[in-house]
Amino acid sequence: MPTTEQKVPEPDLVRVQRAATTGWALAARSGVRVTTEPAGLGRAVVVQADAAEGGAVSRVHLRWRRTTPAGALVLGDAWERSYGDLAWQGVHPERPLPWAALVHDLDAGTTWGAGVEVRGGAFACWTVDPDGVSLWLDLRAGATPVLLGDRALAAAVVRWVGGEGSPFATQQALWGALCADPRPTGPLVGCNNWYYAYGRGFDADAVVRDAHVVAELVGDHPVRPFGVVDDGWTPGGVADGLSASGGPWDAGRAGSFGDMAEVAARIAAEGVRPGIWFRPLLARVEPPARQGRPWDGGWALDPSHPGTLETVGADVRRIRGWGFELLKHDFSTYEALGQWGPTMGPRPAAAGITPYDRSRTSAEVLVDLYATIRDGAGDDGVVLGCNTVGHLAAGLVEAQRTGDDTSGRVWERTRRMGVNTLAFRLAQHGRLFTVDADCVASTPETPWALNRRFLDLVARSGTALFVSVDPATRTDAVDADLSAALRLALDGGSPAGVEPLDWLGTTTPARWRDGAEVLDLGWYDAVGADPFDLTDATDDV
């Protein structure tokens, strides 16, 4: 039987945690009403609390009895970007699986998947054990219980899929079932100098030079590439690996770049579409009381505060008014929730995060933030989220950076991050947004033979392809490789697309299918994989 959507039964158990100090109680005894009404074949989870403590609720737990086959492999997703950590694994009963879970029965050759629809009212993760599956809904406002008052919260819509299709086909079917209104764009191709400049020692002239290079490389292709101004265009730029960027995002903070409308016009004059990076929730000017907290040498703006949304919306409209067609917004999960994805576990918000508005869940607040950016960008603007919660942004962004940074300094980081996210989140491409596995670098510090393989694979995949080309590395051969890949990506990639073949047993698949062709890609240099933490070694932000 091919993979199809399955009917979600009523859960066998529903529990509620009103506050961290009160423990768990059966929903019927908790003062919280949790309904699970049919929504097509799925189930809509709605939560409404009594008036006790302002309708405070922290979490809801739903459980279904379902036997997990012995020896099954399980795969989840990531809260925001993945960090080289996605993998099919055996059953780890306590392992949180953000947003979706897939279970592959090796003996039967079947795969089953469960997930929640995008833009729900809760941070949602699954756990899988031998006797069943559980869905854990985090309804908190930051690290505090949400105060629902008397309103009913649409917390999640649960959907299941399953069948005899390949695990990859089932993953594709699951993401398709979870998002009815994606707005992917494409082809999304261009240049971004972050992975050779790292925000230092570059100015408007360097950005225009890179735009000229990518225009040369793609030649007369009718689909035009982007030239993205990344971090470092504001005063202070980047020093010691730390971004000095932050709002207000106006012409007065253009640093050495000067008039940003002029910069956009110069990029466009090269036959390249202008794009720009910014960090919407970090301010270098102290905001009004209760709108932000000290953070990273500035202030993290609280997206639950109405003043923050006014500021962000105005910033986006201003940047678009300069002539930038693509807006890459970054760091907002880190600013809003106080931590990166790998430290979240089952608790997305760091301890101590108490938002201005406790009547809405963190998930609802972030959806409103993404909607504000979407509205400011206009229907013809291209929005690329980075360090955003892709599951909550789907339908509000054209593209999503699905993995942590690749590198122009250490190839091993590109192998870990870039190949992993391309393999394990490729099924989201076109179903949630345009997938961006991050840039391919051409630098003296990294081996072109390995970068070239990643370049070719990304181009074939039809996902976003941005290149960071250090001028010192340009040769006729390198230019020919870049040109072929960029033009293929501008064509939309390989007609058949690509699919990882050996991903059940590794974090960085080396065997891929492109139509009838099988690609055998070696990702390791002579020294093999590096077991050390590469954060300090790469100095990537």
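This is a predicted model: local features need pLDDT of at least 70, side-chain atom pairs count only at pLDDT 80 or more; totals for chains, interfaces and linings use all residues.
User: How is a pair of packed helices described?
Analyst: The description consists of the angle between the two axes and the distance between them. Here, axes are lines fitted to C-alpha atoms, for helices over the stretch in contact, and angles run from 0 to 180 degrees between N-to-C directions. Helices (H or I, at least four residues) and strands (E, at least two) are DSSP runs, numbered from the N terminus.

User: At what angle do α3 and α4 cross?
Analyst: Helix α3 (residues 204-218) and helix α4 (residues 260-269) cross at roughly 20°, and their axes come within 9 Å. The two helices are therefore roughly parallel to each other; angles under 35 degrees count as roughly parallel, over 145 as roughly antiparallel, 65 to 115 as roughly perpendicular and the rest as oblique.

User: Which residues make that contact?
Analyst: From α3 the contributors are Ala204, Asp205, Val207, Val208 and Ala211, and from α4 they are Val263, Arg266 and Ile267. Contact means heavy atoms within 4.5 Å. By class, six of these residues are nonpolar, none polar and two charged, where Ala, Val, Leu, Ile, Met, Phe, Trp, Tyr, Cys and Pro count as nonpolar, Asp, Glu, Lys and Arg as charged, and the others, Gly among them, as polar.

User: And how does α3 pack with α11?
Analyst: The axes of α3 and helix α11 (residues 476-490) are 8 Å apart, at an angle of about 75°. That makes α3 roughly perpendicular to α11. Val214, Leu217 and Val218 of α3 meet Asp479, Leu482, Ser483, Leu486, Arg487 and Leu490 of α11. This contact has six nonpolar, one polar and two charged residues.

User: Turning to Glu335, where does glutamate 335 lie, and is it buried or exposed?
Analyst: Glutamate 335 lies in helix α6 (residues 332-337). Its relative accessibility is 0%, so glutamate 335 counts as buried; buried means under 20% relative accessible area, exposed over 50%, and partly exposed in between (1.4 Å probe, protein chains only).

User: With which side chain does glutamate 335 make a polar contact?
Analyst: The partner is the side chain of tryptophan 295, at 2.9 Å. A polar contact is a pair of N or O atoms within 3.5 Å; within protein, one must be able to donate a hydrogen and the other to accept it, and residues adjacent in sequence count only if both atoms are side-chain atoms. Not counting residues up to four places away in sequence, glutamate 335 touches Arg279, Leu281, Leu282, Arg293, Trp295 and Ala300.

User: Where is aspartate 405, and what about its side chain?
Analyst: Aspartate 405 is in the loop between β26 (399-401) and α9 (411-425). Aspartate 405 counts as buried at 5% relative accessibility, and its side chain makes a polar contact with that of arginine 401 (2.8 Å).

How values were computed. Residues are numbered from 1 along each chain as its sequence is written. Side-chain values use heavy atoms; hydrogens and water are left out.
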